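Work through the exercises below with the model in view. Try each task before reading its solution.

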Amino acid sequence: MARFPKGYVKPTSSCPGCLAWGDFRGRLCHTCYMFGRSHETAVCIGCRRVQPLKWEYCRLCWCQARLNARTATGMPTVSGEVMTPWLQTVRHHQLFFVGLHYRRGSALTTLHHVKAREASRKSPPISRSQPRTAWSQLPLFEQVPRDYGRLDPAAADLASPWLAWAKHLAHQLAEARGWGRNLRFAVNRGLAVVLTGYVEGDVVRHSEIFTPLRALDLRVGHVITVLEEMGIFLDDSEPSFERWLAGRLKGLAPGIAAEAERWNRVLRDGGPRSLPRQQGTVWLYLNRVRPALLTWSDSYDHLREVTRQDILTHLKTLHGHHRRDQLVALRSLFAWAKRSGLIFRNPASRIKVGQNEYSVLQPLAPTQIDRSVAAATTPAARLVLALAAVHAARVAQIGALMLDDADVGNRRLTIAGRVRPLDDLTLKLLLEWLEHRRKRWPSTANLHLLVNSKTAMGTSRVSNHWISAPMRGQKATLERLRVDRQLEEAMVQGPDPLHLAEVFGLHEKTAMRYADSARALLEQAAETDPAS
């Protein structure tokens with residue numbers, strides 16, 4: 001790769017995407033680069049160039065269409081619903097300089113801004129109910145799959161009574177959940193594509209609409225929400241669990257794979273004599289037994305051929321928690337096989353797992369905590385940091401907090417069903433986040449305490465990944481801060497397991513572990529500094 005000399009400045013040139021002239025880094029200007037990242041490349045039906053396309057038109061055609069619309073209407077912005085005719089009438093391109101095309105803060109008069117806002121405001125759709133027909137023709141054959149990708153969005157049937165009802169329901173959902181203007185337009189456009197040619201009794205399937213709507217950059221999830229409200233949607237998508245299970249069973253002997261699949265489904269769904277497990281537990285158990293099953297698949301065809309000696313031989317190759325984890329999963333597999341009548345004798349019975357020897361928990365260094373505090377730069381990150389470091393809340397518990405759990409007036413905070421007093425620091429950060437939440441998403445209907453740009457449009461909680469993202473890469477992660485807080489409580493108030501269990505709601509064994517670690521640290525400090 002050629003290297004430019006120090007102090008080299010790229011000469012002024014023309015962007016091959018939008019043909020704009022100016023100074024920019026790289027091969028494309030910044031706008032064309034970002035436009036290409038989110039759109040697929042094909043032949044533009046307007047200028048016949050091979051470029052990233054949005055609704056089958058390149059960015060340069062979009063710029064010219066907006067310019068023509070502004071010249072004809074006298075407004076700087078035009079609603080997206082009437083952009084299709086302007087795109088179809090583009091016959092030439094007006095060149096421009098980089099960074100000067102519809103730049104924010106351009107010389108637009110106040111009247112233009114007011115006219116643009118008034119044009120963007122629309123009256124709510126007329127209240128509609130579900131269309132009713134006097135009679136209906138019973139289908140002779142099963143519903144023929146539809147190809148929504150062949151429908152031109154410009155040819156959508158906007159007079160359909162089913163679309164009118166769908167828009168009414170979409171408006172109600174938008175008002176209840178705080179959908180923005182752009183999201184409302186995208187949902188209405190997706191509904192127009194899906195419901196064109198719809199006949200009463202038909203079912204809209206997930207497999208038929210997902211790809212076409214994604215190709216048009218429309219919100220599939222929100223369109224599906226409206227279709228579910230109408231009662232005409234069928235989710236026939238393959239669950240992620242099925243894809244994962246098929247991948248994990250690949251390479252096993254057919255008999256062993258079938259038995260392992262039945263065991264895994266019983267773990268997930270439960271059975272006559274077993275309760276369903278959490279999905280994470282199901283994944284872990286199959287991942288732990290898979291190495292042993294792969295080894296036995298070279299010699300055996302069924303689990304009934306596996307002997308006690310085979311299990312012991314496999315366990316000799318493992319040490320520490322790897323041995324303990326795999327043995328626990330193997331005992332679960334063979335215990336289920338014995339109850340189901342697949343084997344005559346459980347070869348994993350009476351093989352002791354052994355006591356888990358925990359190491360002494362160590363407190364965090366002040367520098368590690370300071371770096372994590374510096375990494376929390378947003379109101380949400382600072383509040384999450386305080387909940388983990390002060391109240392010892394887990395990431396899942398933080399994500400499940402509701403607005404009603406924060407009683408600011410009485411300075412009470414309910415975490416996982418336990419009421420805790422709000423200290424001054426947490427109260428200050430909580431008020432800061434609530435003020436930011438009110439300004440950023442004033443119309444959201446999500447009752448969770450923490451929301452982001454995605455969950456503010458619905459009612460679900462934020463993901464654990466989003467909560468822990470600011471602390472990722474730090475020594476003092478949210479989990480380490482939680483452990484450090486409980487260890488500090490044990491060292492300050494004394495290594496009393498009952499006190500820890502009462503304050504933090506810990507299990508008795510977990511509380512005893514923290515107490516033992518605190519006792520060991522206090523004894524070590526006394527030996528190091530007897531005067532203290």
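This is a predicted model: local features need pLDDT of at least 70, side-chain atom pairs count only at pLDDT 80 or more; totals for chains, interfaces and linings use all residues.

Residues are numbered from 1 along each chain as its sequence is written, and side-chain values use heavy atoms, with hydrogens and water left out.

**Exercise 1. A helix and its cover**

Task: Find how far helix α13 reaches, which of its residues are buried, and what covers them.

Solution. Start with the element: helices (H or I, at least four residues) and strands (E, at least two) are DSSP runs, numbered from the N terminus. Helix α13 spans residues 320-340, which is 21 residues. From first C-alpha to last, α13 reaches 31 Å, close to the 30 Å expected at 1.5 Å a residue. That expected span is 1.5 Å times one less than the number of residues.

Next, burial. Buried means under 20% relative accessible area, exposed over 50%, partly exposed in between (1.4 Å probe, protein chains only). Among the buried residues of α13 are Leu327, Leu330, Phe334 and Trp336. Their cover includes α10 (254-269), α11 (279-297) and α12 (308-315).

Last, look past the end. Gly341 follows α13 and has a positive phi, near 80°.

**Exercise 2. The largest core**

Task: Which residues touch the most other members of the largest nonpolar core?

Solution. Define the set: a nonpolar core is made of buried Ala, Val, Leu, Ile, Met, Phe, Trp, Tyr and Cys residues joined through side-chain atoms within 4.5 Å. The largest has 54 residues. Leu191, Leu195, Ile209, Val226, Leu227 and Met230 touch the most other members. Elements giving two or more residues to this core include α5 (161-177), α6 (181-195) and α8 (220-230).

Now take Val226. Set aside neighbours within four places in sequence; its contacts (heavy atoms within 4.5 Å) then include Ala166, Leu169, Trp179 and Leu191. Another core, of 34 residues, lies apart from the largest one, and Leu327 is one of its members.

**Exercise 3. Positive phi**

Solution. Most residues other than glycine have a negative phi. Trp55 has a positive one, about 60°. Trp55 sits in the loop between β4 (50-52) and α2, and is buried at 14% relative accessible area. Asp217 has phi near 60°. Asp217 lies in the loop between α7 and α8, and is partly exposed at 37%.

**Exercise 4. Charged pairs**

Task: Which residues form salt bridges with Glu435?

Solution. A salt bridge is a side-chain nitrogen of Lys or Arg within 4 Å of a carboxyl oxygen of Asp or Glu. The whole structure has 13. Glu435 meets Arg438 at 2.6 Å and Lys439 at 3.7 Å. Glu435 and Arg438 are 3 residues apart in helix α17 (residues 424-440), so about one helical turn separates them. Lys439 is exposed at 60%, while Arg438 is partly exposed at 48%.
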